[in-house]
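Please look over the structure below before reading on.

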Amino acid sequence: MQASSGMDIPATNTEHKPDKIQDGKEGVSLFHCNLYDTELVHKIAQAFLPGIATACVDNTSGEIFKTPASVAVELRKEMVDYITQRSENFVAETFILEGGTEVEVSDHPYDIISDFVDDFASSKRNLFSRVSGWLLSEKREDKIDDFVQEMEINGFWLNDKREAIAQALLTNVDFKNKYHCSMKFDSAVELAEHVGSCGFRSMTCENEGCNAMFSSRHREKHDSGCPFKIIPCEQQCSESIMRREMDRHCITVCPMRLVSCPFYSVGCQAPIPHSMLEQHRSSAVHSHLLYVLRNIHKNTSDADLKQRVDQLEKESWSGQLEKARDVRSLISVVKDLETNLGSFKPNRENKNKEDTVETLNLAGELEKAEI
């Protein structure tokens, strides 16, 4: 992609990095660990490109002879110098703020450094961008996004260069030592022994397919959510599945996924694990037969239908009923068996008794509703 100025943005190897904090004791040569939270440094480095893109776009909006690409190198140097100085003065600034205001200020390094970047970008707005409503326009956001992509494609500010700066900034603002190691040692041997077990040492995920890097102290946290980790099926089947494939497995192929009974349409509405479907068909023949008869012989009492179920089960041979896999096939078997048994003659007294009970129940419900 070509820059808007008609030329590629130059990719340079020279960077202005913040100086590391030096030990204040004279004549004492200490070995510093200097390991840091890998994920946080990467996250901070990712904020630099949108920041410099915003500064370049707002600095040249409305200009005829200047483009974001034409000022990128100069503004990058200025931004690094600015956020470096802010980070070096951060502890003193924080002390002053805490003593003179009740406003809560985040002590998280990412928030702190992001504010530095935003402040720098805001300071580079030209007159046009300040008064024209440009800051709220969608066109501005699109130009910033496009310029970020342009810089990435042209290798304008490589990630390892940005992470080196982010690491030094982190060391400066993390005065509580929560996100970097502040251990010091009297010899290189002691330092080497420490580095092998330091909670901030960098690690790569061991799960196949995952390339995530993180500090060893975050290993359990990453492992608990790593999409590439092989874990037991959530529905407790015998298989182990990659975490990111779990939902698909549970819905489509897991033998323990819940399915509807083939006789759901006639009344059997209990969800059943797929692997137990055949067992359910065999064990629930009696109830399935009753459901089917209710649909075939409507307005017939359950007492009569249960008697008919018993007759059909006695008349069945070689597991005819058990072999019926769905409503249609069971109805077919029932009709064949009923042909042998003769026509079904329900007992009207049973039906009248059921109707009377049903009427009394309905009357009781109506009486309660009126009360």
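This is a predicted model: local features need pLDDT of at least 70, side-chain atom pairs count only at pLDDT 80 or more; totals for chains, interfaces and linings use all residues.

Helix 2 and helix 5 run roughly parallel to each other, because the angle between them counts as roughly parallel when it is under 35 degrees, and here that angle is about 15°.

**Helix 2 against helix 5**

- Helix 2 covers residues 48-60 and helix 5 covers residues 109-123, and their axes lie 8 Å apart.
- The crossing in which helix 2 passes helix 5 is right-handed, and the residues that make the contact are Phe48, Gly51, Thr54 and Ala55 on helix 2, with Ile113, Val117, Phe120 and Ala121 on helix 5.
- Sorted by class, this contact of helix 2 with helix 5 holds six nonpolar and two polar residues, and no charged ones.

**Helix 1 against helix 5**

- The axes of helix 1 and helix 5 come within 10 Å and cross at roughly 15°, which makes helix 1 roughly parallel to helix 5.
- This crossing of helix 1 and helix 5 is right-handed, and the contact is made by Leu40, Lys43 and Ile44 of helix 1 together with Pro109, Tyr110 and Ile113 of helix 5.
- In the contact of helix 1 with helix 5, five residues are nonpolar, none is polar and one is charged.

**Nonpolar cores**

- The largest nonpolar core has 38 residues, of which Phe48, Ile52, Met79, Phe147 and Trp157 touch the most other members.
- Two or more residues of this core come from each of helix 1 (38-46), helix 2, helix 3 (68-88), helix 5, helix 7 (138-154) and helix 8 (159-173).
- When neighbours within four places in sequence are left aside, Ile52 is in contact with Ala72, Leu75, Arg76, Met79, Met151 and Trp157.
- Another core, of 24 residues, lies apart from the largest one, and its members include Leu289, Leu293, Leu312 and Val333.

**Two residues with positive phi**

- Asn177, which is not a glycine, has a positive phi near 55°, and Asn177 sits in the loop between helix 8 and strand 2 (184-185).
- Because its relative accessibility is 37%, Asn177 counts as partly exposed.
- Gln236, also a residue other than glycine, has a positive phi near 65°, and Gln236 lies in the loop that joins strand 5 (230-232) and strand 6 (240-242).
- Gln236 counts as exposed, because its relative accessibility is 70%, and the cut-off for exposed is over 50%.

Terms used
Residues are numbered from 1 along each chain as its sequence is written. Side-chain values use heavy atoms; hydrogens and water are left out. Axes are lines fitted to C-alpha atoms, for helices over the stretch in contact, and angles run from 0 to 180 degrees between N-to-C directions. Helices (H or I, at least four residues) and strands (E, at least two) are DSSP runs, numbered from the N terminus. Angles under 35 degrees count as roughly parallel, over 145 as roughly antiparallel, 65 to 115 as roughly perpendicular and the rest as oblique. A crossing is left-handed if the near helix is turned anticlockwise from the far one by less than a right angle, and right-handed if clockwise. Contact means heavy atoms within 4.5 Å. Ala, Val, Leu, Ile, Met, Phe, Trp, Tyr, Cys and Pro count as nonpolar, Asp, Glu, Lys and Arg as charged, and the others, Gly among them, as polar. A nonpolar core is a set of buried Ala, Val, Leu, Ile, Met, Phe, Trp, Tyr and Cys residues joined through side-chain atoms within 4.5 Å. Buried means under 20% relative accessible area, exposed over 50%, partly exposed in between (1.4 Å probe, protein chains only).
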